[in-house]
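Please read the following briefing alongside the sequence and the coordinates.

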Amino acid sequence: MSRVIAALLAIFAFASLTFVLTGCGSIATAPAPSSSTHLRPNPPHIYVAPFDTSTARWVVAREGVDLADFKEDFQTQFTRILVDRLNKLVPTEQRWLDELPDHGWMVGGEFVTVDQGSRFLRASIGVGLGATTLQTQVYVYDLSISKTQYLLSFRTGAPNAATGEGSGSGNGLSGLTTAGEPVTTAFGIGSGLKQDTTRTANDIASILAQYL
């Protein structure tokens, strides 16, 4: 009987953690109805909502509670690094979606692919084998205009549009849309999820700096 209770408690803990990860990280992803509406420059603050982990493709050699713990830790570390990078531009802090003020920008999004690759292949063979992949979809809101409809959307770590190759976060940032126009910006190549996390945060900060 004790084993049954322990198993039920483990299931309950996993379900509760999953709810926390998905419920707190989800944001509205409808675009603003008019392409003539733009982010207002010089926001007094930027707020970062933890990115949603629920719909991503996770290739991290973990499952069950271990995977849920990994997602939570990854989400927390990514948020911390992104807040740190954006804080160099504008005063920035983490905020949950039910605590948003009526001014400033809010940056949220979702993880699309998190692939830890193969450290062995990266170390022993190289030439791109075993590379990690971190892709995110980013949504930016002007809270003085709307808390539910974004004004800017872009993806980081997207594959090269011409070849379909190179999906690591270091290979560029594409799919940027504002007023309906796509833009692509290239960055250097790197490897390792830790480096990818920092690079992705830098990529996001670089794009937002263009609108300040």
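The model is predicted, so local features need pLDDT of at least 70 and side-chain atom pairs count only at pLDDT 80 or more, whereas totals for chains, interfaces and linings use all residues. Residues are numbered from 1 along each chain as its sequence is written, and side-chain values use heavy atoms, with hydrogens and water left out.

**Overall make-up**

- The secondary structure of the chain comes to four helices and ten strands, where helices (H or I, at least four residues) and strands (E, at least two) are DSSP runs numbered from the N terminus.
- Read from the N terminus, the order of the elements is α-β-β-β-α-β-β-α-β-β-β-β-β-α.
- Of the 212 residues in the chain, 42% are buried; buried means under 20% relative accessible area, exposed means over 50%, and partly exposed lies in between, with a 1.4 Å probe and protein chains only.
- Among contacts with a separation of 6 or more, 69% join residues 24 or more positions apart, a contact being heavy atoms within 4.5 Å.

**Packing of H2 against H4**

- The axes of helix H2 (residues 64–86) and helix H4 (residues 193–209) come within 9 Å and cross at roughly 40°; axes are lines fitted to C-alpha atoms, for helices over the stretch in contact, and angles run from 0 to 180 degrees between N-to-C directions.
- That angle makes H2 oblique to H4, because angles under 35 degrees count as roughly parallel, over 145 as roughly antiparallel, 65 to 115 as roughly perpendicular and the rest as oblique.
- On the H2 side the contact is made by Phe70, Phe74, Phe78, Ile81, Leu82, Arg85 and Leu86, and on the H4 side by residues including Leu193, Thr197, Ala201, Ile204 and Leu208.
- By class, this contact of H2 with H4 has eleven nonpolar, four polar and one charged residues, with Ala, Val, Leu, Ile, Met, Phe, Trp, Tyr, Cys and Pro counted as nonpolar, Asp, Glu, Lys and Arg as charged, and the others, Gly among them, as polar.

**Nonpolar cores**

- In soluble globular proteins, nonpolar side chains tend to be buried together.
- The largest nonpolar core has 33 residues, of which Trp58, Leu82, Phe111, Val140 and Leu208 touch the most other members; such a core is a set of buried Ala, Val, Leu, Ile, Met, Phe, Trp, Tyr and Cys residues joined through side-chain atoms within 4.5 Å.
- Two or more residues of this core come from each of strand S2 (46–48), H2, strand S5 (105–115), strand S6 (133–142), strand S8 (152–156) and H4, and the largest share, eight residues, comes from H2.
- Not counting residues up to four places away in sequence, Val140 touches Leu39, Trp105, Met106, Val107, Tyr150, Leu151, Leu152, Phe154 and Leu208.
- Another core, of nine residues, lies apart from the largest one and has Leu100, Tyr139, Tyr141 and Leu143 among its members.

**Buried positions and their partners**

- Ile46, placed in strand S2, is buried with a relative accessible area of 0%, and beyond four places in sequence it touches Leu86, Val90, Pro91, Thr92, Glu93, Trp105 and Val107.
- Leu134 is found in strand S6 and is buried, with a relative accessible area of 0%; its C-alpha atom is 4.8 Å from that of Val114, 20 residues away in sequence.
- Thr132, in the loop between helix H3 (119–124) and S6, is buried at a relative accessible area of 1%, and its C-alpha atom is separated by 7.8 Å from that of Asp196, 64 residues apart along the chain.

**Loop residues with positive phi**

- Asn42 has a phi near 55°, a positive value in a residue other than glycine; Asn42 lies in the loop between strand S1 (30–31) and S2 and is exposed, with a relative accessible area of 62%.
- Ala61 also has a phi near 55°, a positive value in a residue other than glycine; Ala61 sits in the loop between strand S3 (57–59) and H2 and counts as exposed at 74% relative accessibility.
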